Amino acid sequence: MSALTHLQRLEAESIDILREAVAEAEHPVMLYSIGKDSSVMLHLARKAFFPSRPPFPLLHVDTTWKFKVMYEFRARMAAESGLQLLVHINSEAERLGINPFTHGSARHTDLWKTEGLKQALDQHGFDVAFGGARRDEEKSRAKERVFSFRSAQHRWDPKNQRPELWRLYNARKNRGESIRVFPLSNWTELDIWQYIHLEDIPVVPLYFAAERPVVERDGQLIMVDDARFPLREGETPMLRSVRFRTLGCYPLTGAVPSRATTVLAIIQEMLLARTTERQGRLIDHDSTASMENKKAEGYF
Amino acid sequence: MGAPTSLIEQDIEKYLVVHQNKSLLRFITCGSVDDGKSTLIGRLLYESKALLEDQLSALEGDSRKFGTQGDELDFALLVDGLSAEREQGITIDVAYRFFTTERRKFIVADTPGHEQYTRNMVTGASTADLAVILVDARKGVLTQTRRHSFLVALLGIRHIVLAINKLDMVGYSRETFDAIDREYREFASKLGVEHIVSIPLSALRGDNITSASANTPWYVGPSLLQHLEEVAVDAIGAAGPLRMPVQWVNRPSPDFRGFCGRILGGRVRPGDRVRVLPSGKQSTVARVNTFDGDLAEAQAGQSVTLTLADEIDISRGDVICAAADPAGLADQFETTVVWMNEHAMLPGRPYLVKLGANTLGASFGQPKYLIDVNNLDHLAAKTLALNETGVCNLTLDRAVAFDAYADNRDMGSFIVIDRLSNQTVGAGLLHFALRRSQNIHWQAVEVDKQARARQNGHKPCVLWLTGLSGSGKSTIANIVERQLHALDARTYLLDGDNVRHGLSKDLGFTDADRVENIRRIGEVARLMVDAGMIVITAFISPFRSERRLARSMVGEGEFVEIFVDTPLEIVEQRDSKGLYRKARKGELKNFTGVDSPYEIPESPELHIETLRSDPEDAATGIVDYLIQHGVMNAAG
């Protein structure tokens, strides 16, 4: 029997983490963001608990500003996995009509996602929440624990993290406190795509190149996904062959010109490309330490 | 990503097959402040082309803003992720970094140098196969170098790279390199590290990072990256006997009972004989189940679900072992503990220990000695303070399966958790079981609690009556026993006063003695429950923690806490034994309710207010509770 490959080791570690968290949790939930990392995480969860179904629901903290195709994909994956899908929409943000155009990406993300997530966790009383974040995504995430403790106010204290040794995860907490668990901590973007390729995991079609209506704004290609997109003077959506390396709210997600229509072509393009996936995310560019600040406040 | 661009362009599928079969090396970098760890990692990422355009442009911007290298790129900024440490100019936590070369994938733990964050270095080292220890060529081997080397060796890392850095600052002097190499090897020989490779480096200038540097023609060994790609490391435990701690029991339907876990040692195939610890029961592996179909064999590192040929009781925390070579089973050990918290370890204080999939009550003895990391001397100590390492005995509240850390890292390691803050306050390695516990083997008995319950026609349990002196506990307990006896139940009444005449004759009424008294009663009750009886106890048992202790000694649902609630003014007024009067006059010390507290039960199974019901009705209520909860049938 040959030695385990890198991907086999990553898979085994993620399954180990998922099982350990479930065994220690009272009321676990998996945060499902519809993106490729969520697809992989859900796939791993189905492996971890097979032949049982994963013993937790999926939670999508919706901003109402995702791509239309993402909503279709979400419904399909919930049906295929047989898991209960909870969708939370921050009613306060809805009432205020928060959107990225008038309120800016920072306020938009804070109200819809950060606040929305806290509300949903409190409302359902979830004590353990799985997230698909990877350490290679962003500098402050490189220091994140696999089991990351959050105070009753959902705050992350980067200077007071629990030491995490061997494969012994400390999941103890008091009532009201919670743990975010990141089973994909040690995966890289390449690992994710390679695993999607090997395991034939379904992902949102937006990752593949197609002719899509886009406008160029502030150096980013933004897709005009619906009529809520306010066109500026002189802006006309142009059909271009583009794809997305990362998926968020459509007005905040930059597309890249591409002809990659298969997973293999995506991997090829990624290996030859010279920019990281988070470049398409406008929120990281707000300020140098922006992600760390968001996380301290409770963003995933 | 250091890949041959042409292969990616021409045959991506072929490239991926190669890439997919790469091995993985996890290593840590450690050294003193300003030895250049972050710069070295930044350089490795840069040289292996793991950096992309936007990261490079962010780095250029950050270098201008925060950099310490003038107009040049400050690679350290790549890895110093948190804004707090950017301000201080130091790394304060463990950061994990990823890069890939033609031959290997790497996960790097960047660990901090200065003393107060040693716990993070231990964290990084716990999952590493190799350690890169940096030394500033101008400073040589420092206290921190020794400390980190000691911890690396303690945590079982067998490969050390001594990266003698900043050699450009000493004119690429061979004499300096040789002198540091010699001094280090002399120290390291005492640590028992098997493989040490010293490499002359300048992380800042890039000397000997990826290829031989023209500045050090006298050095003929491998470059750092070359060595990292080629060094052969094998996981501890992989070649040993089967070990699989059960994390989760998988029961999708009545006809499937699978045991989920990660294999931490050896291999497993259908047909293998296994022994389950702590029960000691044996069976045969029926199937190795996975989502992708059954496996003919699984090996250390894989997460699987095993089904067994026999129906035996297995729960989370049990360990499935090779029948011919099972793990040890003990509740007392000699251990080495690294303390990681500002509050020192106190001998005798109750902590929690997580070991495999078990979380156990635990306490440490007084340290036998501390280890002075500078010279490895043994020092006397009463406690363990932050960042101190010492050898202590560990006592757990029940026996668990284990291997010595030296034989299997994952079966011999534990973390210590504070009961109140839930913080991870320490980490430890098991060396061996202490003889008194090792020689008492837990007998797998044929006639168990369930069998006795069947014969008795009822389940066993403890009816734990608690309340103030004179509240009516004994009166009610007596009636309960009479009623149960009439229903043909096997009962035994443990009464406070009677126990004080025998079992606890040597104890007084101080808090410490009360704790010990309840512990003894709890143990006796536990044995009687195991014997299948319904045990009725009537003790003041004023402290929540000891009632919790007694509860923890028996199984789920076997402990019925009954609060016999009579207000203090009423019992004092009745004062049938004249004790309250004595206590008020000061003739009786530590009397509950007078000068010693009674902690009211927070959530007892039954709450009897004696002012509202007479003792006969209260007793009937208790018997009804047992019938309702399936302990016994109404007909007896």
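The paragraphs below treat chain B and its sheet, then aromatic rings in chain A.

This is a predicted model, in which local features need pLDDT of at least 70 and side-chain atom pairs count only at pLDDT 80 or more, while totals for chains, interfaces and linings use all residues. Residues are numbered from 1 along each chain as its sequence is written, chains are lettered from A and ligands numbered from 1 in the order in which they are written, and side-chain values use heavy atoms, without hydrogens and water.

The secondary structure of chain B comprises 19 helices and 28 strands (DSSP runs numbered from the N terminus, helices being H or I of at least four residues and strands E of at least two). Of the 636 residues in chain B, 55% are buried (under 20% relative accessible area, with exposed over 50% and partly exposed in between, for a 1.4 Å probe and protein chains only). Taking contacts in chain B between residues at least 6 apart in sequence, 72% join residues at least 24 apart; a contact means heavy atoms within 4.5 Å.

Seven strands of chain B make an open antiparallel sheet, in the order E7-E15-E11-E12-E14-E9-E8. Two strands pair if DSSP finds at least two bridges between them. Strands E7 (243-245) and E8 (248-253) of chain B are at the edges with a single partner strand each, so one side of each has no neighbour in the sheet. From one strand to the next, the twist averages 40 degrees (axes are lines fitted to C-alpha atoms, and angles run from 0 to 180 degrees between N-to-C directions). Strand E8 of chain B pairs with E9 (residues 256-262) of chain B through four bridges, in the antiparallel sense. B:Val249 has B:Phe259 in E9(B) as its bridge partner.

Over all chains there are 24 aromatic pairs (rings of Phe, Tyr and Trp, the last by its six-membered ring, with centres within 6.5 Å; planes under 30 degrees apart are stacked, over 60 edge-to-face, the rest tilted). The rings of A:Trp65 and A:Tyr250 have centres 6.1 Å apart and planes at 40 degrees, so this pair is tilted. A:Trp65 is in the loop between strand E2 (58-62) and helix H3 (68-81) of chain A, and A:Tyr250 in the loop between strands E9 (238-243) and E10 (254-257) of chain A, so the pair ties together parts 185 residues apart in sequence. A:Trp65 and A:Tyr250 are both buried. A:Arg228 lies over the face of A:Trp65, 3.8 Å from the ring centre.

Definitions and conventions
Lys NZ or Arg CZ within 6 Å of the ring centre and 35° of its normal.
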